[in-house]
Amino acid sequence: MAKIDDLKETYLQLDQDLNLESEEAIRQDQLLTFEYEYKGSNAEVVIDTDEFTTGCPWTGLPDFGQVVITYVPHERCLELKSLKYYLMSYRNVSIVQEHAANRILNDLVEICQPIEMTVCLDYKVRGGLHTVVKVSSKH
């Protein structure tokens, strides 16, 4: 069995190309909407998943988190299966957490033009740090 000091040099040389993709791999074209028949009702829609994953641009290691999308529809609602596929397209994308939250918000606002929307990304602890990124838009 190797001693800690013996493993140090090998440990420092650990490296693996994880083949992360650029933000161009994010599939905004997957997003679909449908007509909201209750325009003016100010219903709040909350969608969440704890299966969100991106790649850390510096280490290539995965960042896992929960996404909570809250919005008040205007004329269009997000179709859920297409949203799931869109979020899955982040899986191998190299993107910092703060940019991921803003990119999701911008893409969703563009496609469904809600009255208001908030995207909250609550990432798992990495390196002893817990990160939550919350971004909003009102029209």
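Predicted model: local features only at pLDDT ≥ 70, side-chain atom pairs only at ≥ 80, totals over all residues.

## Nonpolar core

The largest nonpolar core has 30 residues, of which I69, L83, Y86, I104, L108, M117 and L121 touch the most other members. Two or more residues each come from strand 2 (45–55), strand 3 (62–72), strand 4 (76–78), helix 2 (80–88), helix 3 (97–112), strand 5 (116–123) and strand 6 (132–138). Helix 3 contributes the most, with 7 residues.

Setting aside neighbours within four places in sequence, I104 is in contact with F52, Y86, L87, Y90, V119 and L121.

## Aromatic pairs

There are 3 aromatic pairs in the structure. Y36 and Y38 have ring centres 6.3 Å apart and planes at 65 degrees, so this pair is edge-to-face. Y36 is buried at 12% relative accessible area, whereas Y38 is exposed at 57%.

F52 and Y90 form a tilted pair, with 5.4 Å between centres and 55 degrees between planes. F52 belongs to strand 2 and Y90 to the loop between helix 2 and helix 3, so the pair ties together parts 38 residues apart in sequence. F52 is buried, with a relative accessible area of 2%, and Y90 is buried at 0%. One aromatic cluster is formed by F52, Y86 and Y90.

## Position S136

S136 is in strand 6 and counts as exposed because its relative accessible area is 53%, against a cut-off of over 50%. Apart from neighbours within four places in sequence, S136 is in contact with L105, M117 and T118. The side chains of S136 and T118 make a polar contact at 3.0 Å.

The C-alpha atoms of S136 and V96 are 18 Å apart, with a separation of 40 residues in sequence.

Technical notes:
Residues numbered from 1 in each chain as written. Heavy atoms only, no water. Core = buried A, V, L, I, M, F, W, Y, C linked by side-chain atoms within 4.5 Å. Buried < 20%, exposed > 50% of the residue type's maximum accessible area, 1.4 Å probe, protein only. Helix = DSSP H or I, 4+ residues; strand = E, 2+ residues; numbered from the N terminus. Contact = heavy atoms within 4.5 Å. Polar contact = N/O pair within 3.5 Å; in protein donor to acceptor, adjacent residues only side chain to side chain. Phe/Tyr/Trp six-rings, centres within 6.5 Å; stacked < 30°, edge-to-face > 60°.
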